[in-house]
Amino acid sequence: MCGIIGYVGDADETLSVLLDGLSNLEYRGYDSAGVAVGGDGLRVEKRAGELDTLESALDADGGSFAGPVGVAHTRWSTHGPPTDANAHPHTDASGRVAVVHNGIIENYRDLRDELEADGVTFASETDTEVVPHLVARELRRGRDPEAAVRAAAERLEGSYALAVVVAGTDALFAVRQDSPLVLGVGEGERFVASDVPAFLERTRDVVYLDDDEFVRLDAEGWTVTNAEGEVVEKEVRTVEWEAEQTGKSGYDHYMLKEIHEQPISLRQCLSGRVDELDGRITVEELDDLGDPATVQFVACGTSYHAALYGAQLLRSAGVAANAYYAHEYATSPAPVSTADLVVGVTQSGETADTLSALREASRRGAETLALTNVVGSTAARESDHVLYIRAGPEIGVAATKTFSSQLIGVNLLTAHLTDRGVKRRRDLVDDLRGIANDVQAVLDESEAAAVVEAFVDSDAFFFLGRGLDYPVALEGALKFKEITYEHAEGFAAGELKHGPLALVTANTPVFAVITGEGEAAKKTIGNVKEVEARDAPVIVVTDGVAEAGRYADHVLDIPKTNERLAPLLANVQLQLVAYHMAAHLDREIDKPRNLAKSVTVE
Amino acid sequence: MPGRIERPRGLISSHSEHRFMQLDSAVVLAAGEGTRLRPLTKHRPKPLLPAANRPILAYVLDALIDAGIDDLHLVVGYQRDRVQDHVGPTYRGRTVTYHVQEKQLGTGHAVLQARDAIDADFLVVNGDEVVTAAMVEAVMDAHSTTDAATLGVAESDRAAEYGAVRLDGDRIVELVERPQDDTYRLLNAGIYACGPSLLADIESTERRAGELHLTDAIADQIREGNAVRGVRIEGLWSTATYPWDLLTVARDLLAVGHVDEPERSRGVYVDETASVHGDATLRAPVVVGPDAVIGPGAVVGPDTALGRNTTVDAGAVVEGSVLDIDTRVGSNATVVDAVTGQGVTVGPGATVPGGEADVRVGTTIHENRRLGCIAADRADIEGGATVAPGTLIGPDASVGTGAYASDVVPEGTEVRR
């Protein structure tokens with residue numbers, strides 16, 4: 001899980017473009033970073049640690065890093081710990097070839113043995129290092145740089161997006177297989193990167209590369225070829241996003257900015273999709289979606305919680321539906337046929353596990369749908385259908401606004417599959433149109449910051465919920481553990497007395513999510529009484545309908561709305577709980593240790 | 001004094017020496033609550049209150065960008081998250097830098113929050129007054145590096161209620177806050193071009209009741225004989241002191257069509273994402289914001305502004321009113337001369353008949369104001385309720401089904417039949 005960027009253009013700008021790009025890609029990983037600038041020669045600098053460490057090393061070097069081509073990398077360790085040696089770019093023994101790589105080369109062990117038998121000495125423990133050595137061997141065999149990179153790439157198995165510079169060549173070579181790579185076309189300069197934000201400040205014209213495509217960039221232009229070396233015509237698209245990820249809008253953290261952006265992002269998600277005059281929900285993108293026998297959601301992390309919620313919504317509407325972890329599904333899929341719909345929920349559209357699961361489903365003939373935030377992402381391009389959640393860029397590693405928009409997305413999907421745009425749902429339409437205002441009310445009036453202060457020194461934190469509140473309990477616990485580093489677990493409220501209750505003490509606060517007035521709410525109140533009997537402090541997140549607040553030490557209120565939307569509001573309170581606790585503990589909120597924003601390796 | 005740039009003192013401003021200045025940076029003051037606008041300012045500062053159907057601040061930022069300002073500095077304080085959420089890290093592609101004024105200790109103190117970002121002549125603009133790009137350009141045109149400051153001044157018969165100004169030629173000879181003397185005919189329009197040394201002058205200005213005012217610092221400059229220029233500006237300048245002034249601001253903006261939405265027919269401005277039923281009537285001038293919905297038989301306008309995602313249900317009548325984001329007017333309700341905050345609900349058949357009334361703000365009675373009602377954020381006027389003219393309804397307050405409300409309904413309370 002890494003971010004790469006490559007640049008061809010003005011020799012004096014190369015280094016600053018690469019460093020800006022890395023800073024914009026930092027959300028993809030940040031335990032080491034490096035840069036290589038080529039042209040007549042090749043200079044490499046790389047360091048374990050955050051980007052600042054690399055920048056100070058470059059400052060110490062003086063301004064000798066000029067050249068018309070360059071590559072850079074920010075790394076999140078998969079093979080070997082974060083050290084200077086393991087940082088990218090990797091080079092061959094002669095220092096002629098520099099490579100940056102995102103992905104995993106599965107056959108690197110065999111290739112390494114083969115190269116070592118050839119007398120090559122390895123400097124690092126990474127899978128990537130086989131690539132520069134392979135390229136160097138091809139160069140020694142007399143191939144030109146482009147042919148050498150192609151020949152090396154042919155030997156690789158696994159997932160990769162590679163960018164390669166070769167000393168003495170004013171060109172950049174890149175190739176992808178199962179890892180994201182986009183090409184940026186600017187005025188007199190060109191880019192490749194793992195993601196558009198890397199160069200969005202310099203150009204909005206992008207080309208999305210597909211698997212097995214190879215691109216050569218030089219001062220003259222760019223050429224994309226397929227595995228056979230034939231030229232492929234590619235469409236240049238213009239990206240609409242503002243290059244706004246450079247700013248936190250005056251907030252201390254992207255996460256808090258993004259929590260506060262939810263009223264805006266929810267309005268964007270719903271705009272044009274709910275018709276108040278008609279009382280109907282219409283999602284044009286789904287018009288040619290079939291009428292599936294069953295729906296299977298595949299997702300990981302926060303998106304999995306949105307998937308759990310979506311599956312429950314569909315089941316309550318009479319559609320057989322289930323949610324699966326994508327990584328489990330890829331290796332042990334549920335029975336699936338051409339009559340079924342498999343929905344991949346992935347914010348980035350690049351989550352490797354989810355892509356694998358979608359491909360597996362597609363291979364078995366199922367119809368596929370991507371529920372994603374990123375236009376033109378791999379999931380969007382590979383699936384039969386796509387529903388965009390329109391949340392706008394999310395930089396904080398802990399997903400917040402995209403989760404809320406995913407919940408709305410699965411509501412739209414459910415309405416589409418069950419009503420087909422025919423049935424009127426005046427109440428739901430009214431409540432959907434009111435959801436942004438309800439979220440604003442939570443943001444305006446939340447007591448979360450004050451409530452968490454009382455529990456700073458607790459042993460562990462538990463989150464309970466039932467029905468549609470259960471995925472929110474899981475998500476609340478996930479957010480909490482991600483950014484506070486405190487132990488937190490979410491449970492189905494009914495499961496408590498089947499085991500987890502043994503963990504509950506006077507020093508383990510319990511957050512109970514209780515919305516609506518149904519049987520589920522009443523039963524969860526029963527569970528709250530169980531933990532109170534063990535002296536655990538209880539914080540209830542509730543719309544007040546079931547009068548659950550009577551049994552709590554603290555109450556976090558949410559406005560009353562449709563029962564299916566209330567969990568979204570409860571989750572906003574839990575986002576604030578996690579944020580304020582993490583802020584209190586002075587954690588690295590936007591970049592929690594060991595985690596990366598989008599996990600593009602399996 | 002660190003960073004102080006020496007400037008020749010005394011009377012030196014003749015037009016022969018004048019050099020046109022395009023300034024790069026503007027400091028926008030958006031930290032103040034605007035206490036006289038309560039209860040609308042419960043959750044947001046005055047610059048975010050609606051001028052027709054956009055925040056006042058949006059007009060200010062647009063005017064600055066259209067006048068060529070690329071470097072925007074927002075001083076934020078009271079409920080600053082709302083400003084930050086609305087404006088974001090960039091505005092129309094220009095980077096926005098936020099400076100936090102933790103305590104609102106006056107406009108001079110606010111400007112000082114941005115001092116580290118300023119190293120040349122710069123603009124200061126009030127974030128809570130609607131101005132135009134032409135006004136900003138006029139102030140920049142008149143300003144030269146030899147001036148201590150240049151202020152935009154506007155003619156108004158209400159000058160005495162604001163910062164009042166007297167001019168001698170193009171020099172300001174008097175600048176006084178709310179003089180309560182109706183011989184003043186010019187007001188300070190809140191657009192200042194300043195030399196960088198003014199920052200140090202602000203710092204050495206005497207505080208009044210603990211507050212540091214930009215206008216006091218400028219008045220000191222006038223007293224010391226330094227060049228403070230006044231430039232008369234023309235066009236639409238509008239602001240709100242009391243909540244009902246927002247109705248006037250909307251009427252002013254609609255009269256000249258200074259709104260964002262495309263003109264569908266003369267004086268009728270409707271966003272493309274709004275849905276207006278074929279049997280609804282829009283009476284000019286009126287503006288309908290994004291995602292708004294107007295049901296069959298509804299009559300909206302004249303002098304009415306509907307914010308984003310507002311709903312006017314079948315058969316409802318809305319006239320002379322400003323309905324902010326997410327406000328919902330139920331079927332057959334009547335709303336006249338009203339200002340609503342965000343997410344206000346007016347139930348089916350409820351009546352806000354409008355007209356003139358005495359309005360109580362704190363201990364002061366404002367007589368004969370044309371005001372249907374003020375309903376603050378998420379207030380709820382339930383079905384069949386009646387609201388007397390001049391009523392102020394607090395945030396999250398409700399007027400129960402069929403109930404009658406008048407005078408003041410405090411925050412979170414309920415009026416029952």
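Predicted model: local features only at pLDDT ≥ 70, side-chain atom pairs only at ≥ 80, totals over all residues.
**View 1. Contact between domain 2 and domain 3 of chain A.** The domain assignment divides chain A into domain 1 (2–244), domain 2 (247–443) and domain 3 (446–602). The C-alpha centres of domain 2 and domain 3 of chain A lie 23 Å apart, and 39 residues of domain 2 are in contact with 37 residues of domain 3.

**View 2. The side of domain 2 of chain A that touches domain 3 of chain A.** At least two residues of this side come from each of α6 (254–260), α8 (301–316), α10 (352–363), α12 (401–419) and α13 (426–445) of chain A, and the largest share, 10 residues, is supplied by α13(A). By class, this side of domain 2 has 19 nonpolar, 15 polar and 5 charged residues.

**View 3. The fold of chain B.** Chain B has 7 helices and 40 strands; its radius of gyration of 22 Å is close to the 22 Å given by the globule rule for 417 residues, so chain B is as compact as a globular protein of that length. Its C-alpha trace spans about 70 × 45 × 40 Å along the principal axes, and 58% of the 417 residues of chain B count as buried. Among contacts in chain B between residues at least 6 apart in sequence, 53% join residues at least 24 apart.

Methods. Residues numbered from 1 in each chain as written. Chains lettered and ligands numbered in written order. Helix = DSSP H or I, 4+ residues; strand = E, 2+ residues; numbered from the N terminus. Rg over C-alpha atoms; globule rule 2.2 N^0.38 Å. Buried ≥ 20, exposed ≤ 12 C-beta atoms within 10 Å, placed from the backbone. Contact = placed C-beta atoms within 7 Å. Domains from an automatic or database assignment. Nonpolar A, V, L, I, M, F, W, Y, C, P; charged D, E, K, R; others polar.
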